[in-house]
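This briefing covers one part of a chain fold and one interface. Please look over the sequence and the structure before reading the points below.

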Amino acid sequence: MMRIGVDVGGTNTDAALMNGDQILASCKQATSQNVSDGIINAITTVLDQSGITPAQIQCVMIGTTHFTNAFVERKNLLDVGIIRICLPAAQGIPPLLDWPEDILTEIGSHRYIIRGGYQFDGRINSPLDEAALINAAHDLKNKGIKTVAITGLFSTINGKMELRAEELVRQIMGDVAISLSHQVGRSGILERENATIMNACLADLSHDVVNAFRNALDQLDINAPFFISQNDGTLMSAEYVEKYPVLTFASGPTNSMRGAAYLSGLKDALVADIGGTTTDIGMLSNGFPRESSVTVDIGGVRTNFRMPDVLAMGLGGGSLVKQHSDKLTIGPQSVGYQLLEKSLVFGGDTLTTSDIAVAAGYADFGDKSRVEHLSEQLIEQAVSQIHQTLSDGVDRMKTSATALPLILVGGGSVLINRDIPGVSNIIIPEHAGVANAIGASIAQVAGEIDIVISYDKVGRDNAIAQAKEQAIAQAISLGAIKESIVLLDIGETPLAYAPDGAVRLRVKVAGDLYITANKA
Amino acid sequence: MKLSIADLANVARGAAFLGTGGGGDPYIGRMLATSAIQEFGMPQIIEPHELDDDATVYTIAMLGAPTVLSEKGASGEDVDLAIKRIEQYMGKKADALIPIEIGGVNSMLPIMAAARQNLPLVNADGMGRAFPEIQMVTFNVYGVSCTPASITDEHLNSMVIETGSAKRAEDLVRVTSIEMGCSVIMSSYPLTGKQVKDYAVHGTLTMALEIGQAIERGRKEGEPVESLVNYLRTTPYYNQCKVIFDGKITDLRRETSEGFTQGHCLLSALDGSGKTLEVTFQNEFLIAKEDGVVRAIVPDLVCMVDRETAEPIPVDALKYGQRLKVLGVSAAPIMRTKESLAVFGPQAFGLDEEFVAIEDL
């Protein structure tokens, strides 16, 4: 399949043109103020490089950090109507309780807590109070609210009440954006509600950005369907992203790790993305990043998104190397994007890790003579510390003692040339600089089920089989080719204090995207 | 002592530390307390000696599955009702409330309850840590009856039970709580002021706050674990404390049996000495053994903290590769008596080892 992967980051917009397994062209362009222009520039460049015509492109996959940045910077956020369906439970903690003030001034405090919701095992805890819901919807309509976040008690176990609520709100409020919590989050009502509100406040922006993507492709005469990659490295349709932009929040690191997996041909490996200032280390398991199991703060708000488990360390190609009386320190301060002016080998006066790599003789750039004065002892100590830092990070991210391959991507990978303990071999693939755009271009379609189920009643094998079936059905409904679907992950957490061997079961599958025809 | 909403984050962190891996996520409790204080005001915190001997003091706690708790929280009315029912049954209005355990979420729920009821909260609890079962409290050890006890849910269903023993109350409440949706509010061990003075572990709310503050201060100064240990040494109970291990998790086994999360966690020393430490847990960390030799054992506290930040790590969050410092901390003297050990010593958790105080290990 002829396709283009694009990564729209805060600084750079990267593109990679792929045909099947072949990388035909790739490029890095500055991200423009107007999102479309950056995309147009990047795609035009790879088309020109490869001589492929727009008509030959069958699919475009876009990864973007735009929504994350907008939320963190509090830009273009809407007032949100917040409806929690939970009474008589979960009323002790109102929505937005520990949100930072500066977001509340952007999104308001329009909160409604009404009766309804399920028990942990799917039984109804109390039926949906439709009259109260209708009142809330009228109230929100009168306030001129354009986006609504609906969160139901244990909706992760059963989403029906949230769907019914959507229907009723739609009848009253008409064409407003509606975000449902069971589509964005996991067990844990506060974190899930937070994610749903975050999603809702981005409704206008997501509409604009998806349109900007559409317009860019129209201007380029590319009529192929386009998809946007989500946190777990799988694809969403443009229409779905318009509804659920929050699902792209962590797609950046995911795409870079998925790209690394693809470029190296490895499915189970460690990945270190060594940039100018930091190194992000993650673990690939079956070709996908391992997900974090803890809550994550984004822009000061607690969430439990499906996020890749990434360890960020203060080691990069621009990290400062400082000599103290008794020791040497490396990072976390860095010359960052000013590496080409400030480091010794490029004529500056700051000793960086890149200078050390050149002085040690295993990297070759800039003016070598400018680091000849460094003592062998200093060089050896710095090289050993750089490797020790990476070793520590690798060790912390591994889940077993078995040695695994380590894939290095990012410009800072020149810092590494020694063996790392616990690592079987180090791989630096070609095109590593645009790993994220490549990661976007190879994304698959996933289905995921997260339920609490009684193993004693259903039986473990039976429970897993059922969940797997549901996950596969979900993937197919989102556009996966049935035959290509593989099981990615099964997570089982026994619930303390719950009866009948109740287990929280998560099953995730993914398959290749089915492209029927070019869009009209 | 006086508390502010801003202090609650530190109380929660201290409560997580004293929870020794269990006791439920204090975050939810902190949010419940914050919300109640915003609505009803900060409750007065009093010292045990300020109580009259014949004062009526009720405990208040949440009981159930942490996963359910993180979805349902508490409604507030269920908390009010639990107190009202016990007051009706006893025929005595509460003069004050007291936490039953300072570890985990139940350090915070009483703050919520006291705020809602406009009652003073006693700066003390029934164990100075967290334990998984209702009978594992000093009040039970020294002859205070666990019942009458009230149990409520968010639908405002309620029950008052009377049993011959605290263990029997535990069994009944456990079954009831499942039918009530796996998360209930309970008021048990109705106390007199004299009993609080004699049998409670005093000052633990202050200590939870100060543990949190010591960790926070340590992070600013660069040595969080050292700051924590230095603080503990100044306290009346937790003063026998040491970092018994500095290592990385190299193996982790969990299983759930009869509603409890049990398991073992193996750490390897980071200094390259090849030493290993095995920590056994049942909801809470119970025993730490270095190459087969006991280094700390329940009811003394076995606490695991992140070696860089001193953040307390709950059992649920343990994972391979984590770098932790393991601390052994002395329990309050009243928790280490012969009578106490019979109720929550090592044998109560099925361990074969005898209790030996951390200072003698």
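In this predicted model, strands β11(A) and β12(A) form a hairpin with five residues between them. Gly233(A), in the turn, has a positive phi of about 85 degrees.

**The hairpin strands**
- β11(A) and β12(A), the latter spanning residues 235–237, pair in the antiparallel sense over three bridges.
- Within that pairing, Leu235(A) in β12(A) is the bridge partner of Ser229(A).
- β11(A) also pairs with strand β4 of chain A (residues 59–64), in the parallel sense and over three bridges.
- Here Val60(A) has Phe226(A) of β11(A) as its bridge partner.

**Side chains of β11(A)**
- In a regular strand, side chains alternate between the two faces of the sheet.
- Phe226(A) and Ile228(A) point one way from β11(A), while Phe227(A) and Ser229(A) point the other way.
- These four residues are all buried.

**The interface of chain B and chain A**
- 38 residues of chain B are in contact with 39 residues of chain A.
- The two chains bury about 3,400 Å² between them, with 54% of it on carbon and sulfur atoms.
- Tyr27(B), Glu71(B) and Tyr320(B) supply 21% of the area that chain B buries against chain A, more than any other three residues.

**Polar and charged pairs**
- Five salt bridges are found across the interface.
- Arg192(A) and Glu71(B) meet through their side chains in a salt bridge, at 2.5 Å from N to O.
- There are also 13 residue pairs in polar contact across the interface.

**Makeup of the chain B side**
- α2(B) gives the largest share of the side that touches chain A, seven residues.
- The residues of this side divide into 14 nonpolar, 14 polar and ten charged.

Definitions and conventions: Residues are numbered from 1 along each chain as its sequence is written. Chains are lettered from A and ligands numbered from 1 in the order in which they are written. This is a predicted model: local features need pLDDT of at least 70, side-chain atom pairs count only at pLDDT 80 or more; totals for chains, interfaces and linings use all residues. Side-chain values use heavy atoms; hydrogens and water are left out. Buried means under 20% relative accessible area, exposed over 50%, partly exposed in between (1.4 Å probe, protein chains only). Helices (H or I, at least four residues) and strands (E, at least two) are DSSP runs, numbered from the N terminus. Two strands pair if DSSP finds at least two bridges between them. Contact means heavy atoms within 4.5 Å. Buried area is the accessible area (1.4 Å probe) that two parts lose on being put together, summed over both. A salt bridge is a side-chain nitrogen of Lys or Arg within 4 Å of a carboxyl oxygen of Asp or Glu. A polar contact is a pair of N or O atoms within 3.5 Å; within protein, one must be able to donate a hydrogen and the other to accept it, and residues adjacent in sequence count only if both atoms are side-chain atoms. Ala, Val, Leu, Ile, Met, Phe, Trp, Tyr, Cys and Pro count as nonpolar, Asp, Glu, Lys and Arg as charged, and the others, Gly among them, as polar.
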